[in-house]
Amino acid sequence: MQTLVAYVENKPGVLNRVASLARRLAINIDSLTVGPTENEEIARMTIVAHTDERGAHRLEASLEKLVDVLVAENISSRAVLERDLALIKVAADQQNRPHLMELIKVFRARVVDVAPESLIIEVSGTVDKIDGLLEVLRPFGVLEMARTGRIAMTRGSDLLQPPSPDAENSTLEPANSSAT
Amino acid sequence: MKLSGAEILCEALTRLGVREIFGYPGGAILPVYDALGKSKLHHVLVRHEQGATHMADGYARASGGIGVAMATSGPGATNMVTGIATAMMDSSPIVCITGQVSSKVLGSDAFQETDITGITMPITKHNVVVTHVEDIARTIREAFVIAKSRRPGPVLVDITKDAQQASAEFDWDACAPKLPPKRIRNNHDQAEFDRAVELLNTAKRPVVLAGHGIMISGAIRTFEQFIRAGNYPVAMTLLGIGCFPAKDPLNLGMMGMHGEAWVNHAIQEADLLIAIGMRFDDRVTGDLRTYAKNARKIHIEIDRAEINKNVKVDAALVGDAREVLENLTPHIQTRDHSAWIRHIHELKGDSAVRDIQSLPDTGHLYAAHVINDLWKETHGEAIVVTDVGQHQMWEAQYYHHNCPRTLITSGGLGTMGFALPAGIGAKFAKPDSEVWVVVGDGGFQMTMSELATIVQEKINLKIAIINNGYLGMVRQWQEFFYDKRYVATPLVAPDFVALANAFGIRAERITTRAEVSPSIRAAREATETVLLDFRVEQEDSVYPMVPAGASLHDMIRRPHSPLVETASDA
């Protein structure tokens, strides 16, 4: 599994281009999240892909060839903070509810909706943590689940920012003349 | 100044230096055609939109500029797909402009509506739909920048009819390209550079693999300096042909599936490959597990995605070929590779010096004869545009190109039907040059309707059909790998001479060796288009051949029969 972060133009069709590229390279995307950044014209993507390092290099380099992708970076080998968020609706009756609450506490999850027959649990953390909670919830009966997919950020001073608007702007216009 | 979107488009194209547009009108692009009529742009009416894209492609490759193709929405646009994919695979900068239904009915399955940006997404470098008149000029300017920058490729601009019809203030300066700020990741890694220098200076058996990128980057002179500095033997990819003179003793010729035996052997024996502007295509490497096992590899390439894609390299220098070579050449210290070059010449044996013209005339006409005589008669100076198949490989083997951009051919996609329209485009790019279309009887029948375009435009093109009555390359594979079961390869063709005459084009049929040169000479003297129908040996094959997936050194060699011994190599 490889994790890539990309800054892209925040406009229609870009997600399609990114997804279409992965399809063309026969790389299976495990999760893809898109969200706004401080700059409203730029969105940030976290792509988790089923591939090896070589595949990730191809994906990264090919992504950067897309006009609408400003930066793509494989951060798999770097110190990275990763988070996934899940809403889990689990069956809960009067009898097992206390036991369920214990587990939720252990996983530092929280209950965000209570109904007579079920609870909705919100949990965030690494994929492993959420998978772990799911494991213990399953015997109670998981009725529904929604997960965001991973977002990732490199730790500390290892900054990953979009290029500044004036850095490498291609305003050069080629003349349509003979050249060799 | 207030102009309509259509007028803005024409004005922008004119200011970008466009002279010719290859296209076909239709409902959704009609406003533009109306404006074209009032502009100074010359529109070349094609007979099929695929032809328009190949013409733009041929124009771009011959000129080094950008070719422009135009079509209407729906079927007009989808007919462009093959030409766009061809340009994409060969990094050819073309801009395709398509009309689109009005923005108000987009997505409603309106008459002749098709999602052409969706369709062409994977085969364009970039594409965009324009729905507002204010965006037309800037988008076209951006399309020209994108098509030509770094690794070139096709860009499609889809303009809705209402955007063409609406009016807006036209201000050229206000619509400068505003492309997203990109990080350009040229390789500035000193360690990688130093490793490359060390490899260059310690190699005993280096071979340079020269590709299309050398031409694209305009690195012809820099490349020659690099070769001279290191005294490196040069092997060329199909699209690299012309980047280094064929007559130079350091030029070994074409590598790969139909490369000459000594070239492929040299690559397999080399201890260093210096790949420049090429992408280790499977037609070049053969089986990757056995490819150049003794060699370290330096890859000079502008497209990062090509690094380590097929062949793992020891030093990757990402950047423009000219820039990288300019930096690299001063560091070359070792240039004595005489023993190695001598060895390669021994591999060649007498096969390279044998002259095809001294072969006895057995009454059989071979394609190699035709190509050889064409080369001699044109002094190797013509622009030759080939189609795809056997004749394409024979051309690459027997026409010795000394100048860049004189061989124009569909390499990556292998698009049959490319030659005739691409030849028309090349002629528009280089009206004073002699342009020969060399095409098989199969490929010619795919786009021969463009003969009418030639007549309508009154251009002077020379067409040589290598007519063997088969889809020759496929037949060859059936001969070698399918026990001679010639399924769907015998090909009935019309009488090409009568056909050409019906279009009003002069034509001649040639069936013997003795007629070849005189017919070429007569065609060259003509000031109009001439078509020559060469009836060549039907079951001739291209040798040597590395079967698909086999090792590069594992070649099927030319049989020692005087009948098929048509080449300068035996």
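## Exercises on a predicted two-chain model

A:Arg54 counts as exposed, because 12 C-beta neighbours lie inside 10 Å. This is a predicted model, in which local features need pLDDT of at least 70, side-chain atom pairs count only at pLDDT 80 or more, and totals for chains, interfaces and linings use all residues. Residues are numbered from 1 along each chain as its sequence is written, while chains are lettered from A and ligands numbered from 1 in the order in which they are written.

**Exercise 1.** Is A:Glu73 buried, partly exposed or exposed?

*Solution.* Start with the rule: a residue is buried with 20 or more other C-beta atoms within 10 Å of its own, exposed with 12 or fewer, and partly exposed in between, with C-beta atoms placed from the backbone. Next, the count: A:Glu73 has 17 other C-beta atoms within 10 Å, so A:Glu73 is partly exposed.

**Exercise 2.** Leaving aside neighbours within four places in sequence, which residues is A:Glu73 in contact with?

*Solution.* Contact means that two C-beta atoms, placed from the backbone, lie within 7 Å. Beyond the neighbours within four places in sequence, A:Leu4, A:Val5, A:Glu60 and A:Leu160 are in contact with A:Glu73.

**Exercise 3.** How many residues apart in sequence are A:Glu73 and A:Ser118, and how many Å in space?

*Solution.* Along the sequence, A:Glu73 and A:Ser118 are 45 residues apart. Then go from C-alpha to C-alpha: the two are 41 Å apart in space.

**Exercise 4.** What separation do the C-alpha atoms of A:Arg54 and A:Ile88 have?

*Solution.* A:Arg54 and A:Ile88 are 34 residues apart along the chain. Their C-alpha atoms are separated by 35 Å.
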